[in-house]
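Let's walk through a fold together, one feature at a time. Have the view open as we talk.

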Number of protein chains: 2
Amino acid sequence: MDLFDAIRNRRSCREFLSEPVPEETLHRILNAAVWAPSPLNAQPWEFIVITNQEAKERIYAEAERRREWLRERSGWKWLGRYRVEFLKSAPVIVAVVGDPEKTGADRFLEGGGLGYQHACAAAIQNMLLAAHALGLGGLWFTLYDLKVIGEILRVEPPKVPLALVCIGKARGEPLQTPRKPLSETTRYLR
Amino acid sequence: MDLFDAIRNRRSCREFLSEPVPEETLHRILNAAVWAPSPLNAQPWEFIVITNQEAKERIYAEAERRREWLRERSGWKWLGRYRVEFLKSAPVIVAVVGDPEKTGADRFLEGGGLGYQHACAAAIQNMLLAAHALGLGGLWFTLYDLKVIGEILRVEPPKVPLALVCIGKARGEPLQTPRKPLSETTRYLR
């Protein structure tokens, strides 16, 4: 698939068919991830490929708890209607784990740097583009408590499960969201 | 260009030819950026397109100062040899500015969330892929003090200039960096 088509037509997918993702397809997606750039090429990512149903149920339960907690805290009504069933139904969830010890020169900044998180985000974007190009839907999900998900997935601190990427065949056509025109977000220093 | 070719063959480019980047090409790169996903589709990014030579010189001076500061602090000898001349020679630098007020439900977390930074990183990855597909080199640069660059570029806090993306025709062939095999970074929860 053409790069610009992939970028333009990728959607966040929240409903999946149960059809499994072939191992070969998953490898292409993970191989796309690791070609993202990272500070000092430290490759500060690890991947946990989750197909185990019990693990998905525990992740779902945590996301539900977190959703409820956020709904109370935020007062946002839509969070009451927001369903996270896709965590149970997505055939595969890839947890992208970031390692703060593999960041760049930013490690010398006060409080440590976030370069490793930015690199992981770039890797996730590659994954979402790759999934789309391979005919799959993807979702970048972060509505959970890092510590709880870290425990479920046995992520050793200080490593952090930065995102759960749900992948599978989309059920139906995911919604298209609009974008602001560039003129609203761009200025020039000529 | 095929998505997987773009992902696989993109390189960090640190030497540029002076040839200007056509406006149309730049627009395609920025349009690629904004199709990244973001929490609540808040599109927490702004772009400052810098072609002004004086601004580039000031950015260069700050990066040099920062490099020296980091060299002393880190003891990393390579930082003594690291040249940041590309900040003066890149025909265009796009500052990607993140807005913490446009983050997701993570805003209710203690200390606020980083979702907006992750979205900006995904947008930057789109930019680098698009630049590569259009025959240009790109560099994701962060070796500077956020506050100083914010002042040079007149970024209003709490907005943050998260990265400077240098773009232009590459001089020579940028280095290829290796990647660890997936077997080292992936585990399975089956």
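Q: Which residue is the bridge partner of Val94(B) in strand 4 of chain B?

A: That's Val165(B). This is a predicted model, where local features need pLDDT of at least 70, side-chain atom pairs count only at pLDDT 80 or more, and totals for chains, interfaces and linings use all residues. Residues are numbered from 1 along each chain as its sequence is written, while chains are lettered from A and ligands numbered from 1 in the order in which they are written.

Q: How many bridges link strand 2 of chain B and strand 4 of chain B?

A: Strands are DSSP runs of E, at least two residues, and helices are runs of H or I, at least four, numbered from the N terminus. Two strands pair if DSSP finds at least two bridges between them. Here, strand 2 and strand 4 (residues 160-168) of chain B are antiparallel, with 7 bridges. Strand 1 (residues 45-50) of chain B also runs antiparallel to strand 2 of chain B, joined by 6 bridges; there, Glu46(B) sits opposite Val97(B).

Q: Why is helix 6 of chain B called largely enclosed?

A: Because 19 of its 19 residues are buried. After helix 6 of chain B comes Gly135(B), with a positive phi near 85°.

Conventions: A residue is buried if 20 or more other C-beta atoms lie within 10 Å of its own, exposed if 12 or fewer, and partly exposed in between; C-beta atoms are placed from the backbone.
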